[in-house]
Amino acid sequence: MGSGSDTKEKIKRSALELFVSQGVDGTGMREIAKASGITEGAIYRHFKGKDELVWQLFSGSYTYYAGRLDALQARESGVAAKLTAMVRGFCTFFDDDETLFRFLLLVQHGQLSKIPDDLQTPVTVLIGVIQDGVDADELHGVDAIVGAAAVLGIVLQSATFKTYDRLPGPQAARADRLAR
């Protein structure tokens, strides 16, 4: 067996795949252990339980994507270019790891309320970009929170459609149309 860090990552990846295919409620720690090739007791050396495992998967990935989106928007000038870069980023994230993106979609409603207000998230990055556009007089009559909800609605609903085979091909192929 590899290092503790390798084992933890193997547990997280196995759990992620099971959570997406069977649902969080339909997946037990015993199944995760079996899929990881370890004993059930070994999981508890890394996680207190399934709730902590779900939280670590969600919060780590969610904040990681926030950092990636922030870096993408920081390279651009003007709200339109920043939003386009972020929409492309969301689509690329989906294509790069559809299982992870599907997991985030699946569990977000049970996890978002746990996110501390001071933590950078994809939502706060998006709100900041839109608010900067309003402040720079690039966007008129837009409430930053409502604008962020609209952008996320476009991106996340198309990801949901893709998840359920309602949209063909990669998400990145439609990113510019979604951004417009």
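# Salt bridges, core and loops at a glance

Lys 12 is a buried residue, its relative accessible area being 17%, which puts it under the 20% limit for that class. Its partner in a salt bridge is Glu 9, with 3.6 Å between the closest N and O atoms. This is a predicted model, and it holds five salt bridges in total. The points below walk through several of those pairs, then turn to the nonpolar core and to a few loop residues worth a look.

**A pair within helix α1**

- Glu 9 and Lys 12 both sit in helix α1, which spans residues 4-22.
- Because the two are three residues apart in that helix, about one helical turn separates them.
- Where Lys 12 is buried, Glu 9 counts as partly exposed, at 44% relative accessibility.

- Arg 13 and Asp 97 meet through their side chains in a salt bridge, at 2.8 Å from N to O.
- Arg 13 has a relative accessibility of 32%, so it counts as partly exposed.
- A salt bridge also joins Asp 176 to Arg 88, and here the closest N and O atoms are 2.6 Å apart.
- This pair, too, links distant parts of the chain, with Asp 176 in helix α9 (residues 175-179) and Arg 88 in helix α5, 88 residues apart.
- Both partners are partly exposed: Asp 176 has a relative accessible area of 34%, and Arg 88 has one of 41%.
- Arg 13, Glu 17 and Asp 97 form one network, joined by salt bridges that share partners.

**The nonpolar core**

- The largest nonpolar core has 49 residues.
- Six of its residues touch the most other members: Phe 19, Ile 32, Ile 43, Leu 53, Phe 103 and Leu 126.

**Lys 114, a loop residue**

- Lys 114 is found in the loop between α6 (98-111) and α7 (122-135).
- With a relative accessibility of 41%, Lys 114 counts as partly exposed.
- Its C-alpha atom is separated by 8.9 Å from that of Ser 59, a residue 55 positions away along the chain.

**Positive phi outside glycine**

- Asp 137 is not a glycine, yet its phi is positive, at about 65°.
- Asp 137 belongs to the loop between α7 and α8 (144-163), and its relative accessible area of 52% makes it exposed.
- Asp 165 also has a positive phi, near 55°, in a residue other than glycine.
- Asp 165 has its place in the loop between α8 and α9, and at 69% relative accessibility it counts as exposed.

Conventions: Residues numbered from 1 in each chain as written. Predicted model: local features only at pLDDT ≥ 70, side-chain atom pairs only at ≥ 80, totals over all residues. Heavy atoms only, no water. Helix = DSSP H or I, 4+ residues; strand = E, 2+ residues; numbered from the N terminus. Buried < 20%, exposed > 50% of the residue type's maximum accessible area, 1.4 Å probe, protein only. Salt bridge = Lys/Arg side-chain N within 4 Å of Asp/Glu carboxyl O. Core = buried A, V, L, I, M, F, W, Y, C linked by side-chain atoms within 4.5 Å.
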